[in-house]
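Visitor: Could you take me through how a few labels in this structure are decided?
Guide: Gladly; let us look at it together.

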Amino acid sequence: MKRSISLLLMLILAVTTAGCSSGAASLGLNVGGSKDKNTLTIVWYPNESAADLKDARDEVGKIVEQATGKKVEHKMTTDYNIAIEAIASGSADLAYMGPQGYVEARNKTEDVKPLFTNSGESGTLDDAVYYSWLNVRKGDEGEFKSGDGFTLDPLPGKKFSFVSNSSTSGFKVPSAGIISYFGKMDKYKDLKEDDLMQGGKDKFFSDVLFGGSHQGSAVNLLTGKADVAAFCDTCVSNYVELADGTANKPGAVYKVKDGAAEPFNTLSGKEFVVISVTLVLNSPFVANTKTVNEEDQKKITEAFTSDDVTHNPKIFLPKDSKDSGLFKQKSGNERFLPVDDAWFEPIRELSK
């Protein structure tokens, strides 16, 4: 897989700026900071704030502490915009965020800098991607079937769940795809992103929900609140397993694992079908360069891209592991690699 695939993907992305000026205060964080302070704060998106990922978060913090000699504090969030505002304002020093969130934070201030991201199965950035899905409950997929594949034609009038309007794979990619698909029809030639954010009789969707996290969007689907839901593969991989078909291909059937953690703990065995799949660039770990000095940025990047972290089973779960984690080995070549701002240039060009 070549980087050109990622570039083509970005051609369908529309970039907007969203913020939450009170987000930092709601986390109990102080705006601004010092490069010489002895504590570094990591802010986490709602997806990675789940209780079952505590061990993974703690291991990330431990590596930062060992690399810098400074204490680490973790701040969990329930809203994407709070995390974005926290890293942009300097009330948080480090963050793990999606490509769209990074661009939004960077648009607020050039103090936000990407440090590294996880590679693809090749161990390079060429296939450093994950997948944005559109999904329906098992049993409802027939309405969307078209020949050997699936069609989006039945979407108008459905109850739809996004993740957050600051989510790359849970809003930006699916909304851009829907607009591209329906924009070719006279009836929807003027369809815009804003038209997908509210439901109603005269709207594209009859109802629109925002799950607040990829897990939340999946739960909206499985509990019947939504007919169709957008969420990504990696954010639900700790809770679901492939039941039929080919992973990350339209027609794949996934079911909630027995003993799955919250919020899937009451949904064991529930199934959904993927009807659309789109590639997305992997997410970066970022730093606010106003509050994290250059030496610590270098130490953190060197630590995470080292062989020690590559082979750390608490960071990259072994392929056969049943534990919950942020990353998982598939080929055995996965590792963290340095990434710079140019990685996101296709998005930036579209925003001008």
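Guide: In helix H3, Val60, Ile63, Val64, Ala67 and Thr68 meet Asp296, Lys299, Ile300, Ala303 and Phe304 of helix H9, where contact means heavy atoms within 4.5 Å, and helices are DSSP runs (H or I, at least four residues) numbered from the N terminus. This is a predicted model, in which local features need pLDDT of at least 70, side-chain atom pairs count only at pLDDT 80 or more, and totals for chains, interfaces and linings use all residues. Residues are numbered from 1 along each chain as its sequence is written, and side-chain values use heavy atoms, with hydrogens and water left out.

Visitor: What makes H3 and H9 oblique to each other?
Guide: Their axes, which come within 9 Å, cross at roughly 125 degrees. Angles under 35 degrees count as roughly parallel, over 145 as roughly antiparallel, 65 to 115 as roughly perpendicular and the rest as oblique, and therefore H3 and H9 are called oblique.

Visitor: How do you know that Cys232 and Cys235 are too far apart for a bond?
Guide: A disulfide is a pair of cysteine sulfur atoms within 2.5 Å. The sulfur of Cys232 has its closest cysteine sulfur in Cys235, 3.4 Å away, so the two are too far for a bond. A search of the whole structure finds 0 disulfides.

Visitor: Why is Cys232 counted as buried?
Guide: Buried means under 20% relative accessible area, exposed over 50%, and partly exposed in between (1.4 Å probe, protein chains only). Cys232 has 1% relative accessibility and therefore counts as buried; Cys235, with a relative accessible area of 13%, is buried too.

Methods. Axes are lines fitted to C-alpha atoms, for helices over the stretch in contact, and angles run from 0 to 180 degrees between N-to-C directions. Helices (H or I, at least four residues) and strands (E, at least two) are DSSP runs, numbered from the N terminus.
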